[in-house]
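Please keep the sequence and the structure at hand while reading.

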Amino acid sequence: MKTIKSILLLAVLAFATAAFTLKPAAGYAVGDTIKDFKLKNVDGDFLSLSDYDDAKGFVIIFTCNTCPYSVANEDRIIALNDKYENYGYPVIAINPNNPVTMPEDSLEKMKIRSEEKGFNFPYLLDEGQKVYPRFGATKTPHVYIVTKNDMKVQYIGAIDNSSRDADAVTEKYVENALDALLTGKKIEKTTTVAIGCSIKV
């Protein structure tokens with residue numbers, strides 16, 4: 001009886017140890033080198049980061065049509081591209097959701113949304129959902145700032161510290177990171193918590 005109890009206890013301890021040591025598959029971390037991608041834009045053309053000859057880097061934002069957090073940030077994303085594209089950091093928006101699961105996130109619906117809102121940046125569909133897992137994106141919106149010369153991740157997280165209310169923003173994480181990069185300073189906050197909807201598979 002004691003032997004059976006001992007075996008069961010050892011099995012439980014082994015399982016508990018495995019549960020604590022197993023880590024979920026992770027994407028890029030700050031400092032990692034990213035792999036380029038080629039995704040279809042709402043204009044029907046395919047786009048890669050290598051197409052940007054004059055860019056210093058990219059503000060890659062995983063976002064979508066349907067998430068209220070993404071919708072609440074659309075004007076902020078437009079403003080980011082307005083402000084930083086001319087400095088060499090264009091916004092690249094990617095919709096990571098599965099359009100079979102979320103029909104309102106189809107490429108056709110993305111095109112309509114882009115036209116309605118006047119998106120001034122490419123809006124790409126992660127068809128087959130192959131790109132967002134490489135990045136490790138889990139939310140919409142989820143931001144990755146990448147420098148082009150070395151293709152390294154410089155910042156991961158939220159746009160700012162108010163996910164739903166633009167008027168309540170007191171700290172602009174992405175702008176602060178970009179300003180630091182443009183002036184050769186160290187980014188004070190390289191990671192923040194992305195708050196939004198889960199990516200739909």
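Two residues are in contact when heavy atoms of theirs lie within 4.5 Å. On that basis, take the contacts in the protein chain between residues at least 6 apart in sequence: 75% of them join residues at least 24 apart. The model is predicted.

## Overall fold

The protein chain has five helices and nine strands. Read along the sequence, their pattern is α-β-β-β-α-β-α-β-α-β-β-β-α-β.

The protein chain counts 201 residues, and 44% of them are buried. Its accessible surface comes to about 11,100 Å². Carbon and sulfur atoms account for 55% of that surface.

## Cysteines

The structure has one disulfide. Cys67 and Cys197 form it, with their sulfur atoms 2.2 Å apart. The torsion about the S-S bond is about 85 degrees, so the disulfide is right-handed. Cys67 lies in the loop between strand E3 (57–62) and H2, while Cys197 belongs to strand E9 (residues 197–198), so the bond ties together parts that are 130 residues apart in sequence. Cys67 and Cys197 are both buried.

The cut-off for a disulfide is 2.5 Å between the sulfur atoms. Cys64 is buried too, because its relative accessible area is 2% and the limit for a buried residue is 20%.

## Aromatic rings

A pair of aromatic rings is described by the distance of the centres and the angle of the planes. The structure holds eight aromatic pairs. One of them joins Tyr28 and Phe135. Their ring centres are 5.0 Å apart and their planes stand at 85 degrees, so this pair is edge-to-face. Tyr28 sits in the loop between helix H1 (2–21) and strand E1 (38–41), and Phe135 in helix H4 (residues 132–135), so the pair ties together parts that are 107 residues apart in sequence. Both Tyr28 and Phe135 are buried. Phe135 also pairs with Tyr144. Here the centres lie 5.1 Å apart and the planes are at 80 degrees, so this pair is edge-to-face as well. Tyr144 is buried, as is Phe135.

Which residues make up the aromatic cluster? Tyr28, Phe37, Phe62, Phe135 and Tyr144 form it. A ring can also face a charge: the charged end of Arg164 sits over the ring of Tyr69, 4.8 Å from the ring centre.

## Backbone details

Most residues other than glycine have a negative phi, and most peptide bonds are trans. The peptide bond from Thr140 to Pro141 is cis, with omega near 0 degrees. Pro141 has its place in the loop between strand E6 (139–140) and strand E7 (142–147).

Gln129 is not a glycine, yet its phi is positive, near 50 degrees. This residue lies in the loop between strand E5 (123–125) and H4. Gln129 counts as buried because its relative accessibility is 17%, and the limit is 20%. Met151 is not a glycine either, and its phi is positive at about 55 degrees. Met151 is in the loop between E7 and strand E8 (152–157). Its relative accessible area is 16%, so Met151 is buried.

## A glycine in a loop

Gly88 is found in the loop between helix H2 (68–84) and strand E4 (91–95). Is Gly88 buried or exposed? With a relative accessible area of 8%, Gly88 is buried.

Which residues does Gly88 touch, leaving aside its neighbours within four places in sequence? Gly88 is in contact with Ala55, Lys56 and Gly57. Gly88 and Ala55 are 33 residues apart in sequence. In space, their C-alpha atoms are 4.5 Å apart.

Note on methods:
Residues numbered from 1 in each chain as written. Predicted model: local features only at pLDDT ≥ 70, side-chain atom pairs only at ≥ 80, totals over all residues. Heavy atoms only, no water. Helix = DSSP H or I, 4+ residues; strand = E, 2+ residues; numbered from the N terminus. Buried < 20%, exposed > 50% of the residue type's maximum accessible area, 1.4 Å probe, protein only. Areas by Shrake-Rupley, 256 points an atom, 1.4 Å probe, with all protein chains shown as cover. Phe/Tyr/Trp six-rings, centres within 6.5 Å; stacked < 30°, edge-to-face > 60°. Lys NZ or Arg CZ within 6 Å of the ring centre and 35° of its normal.
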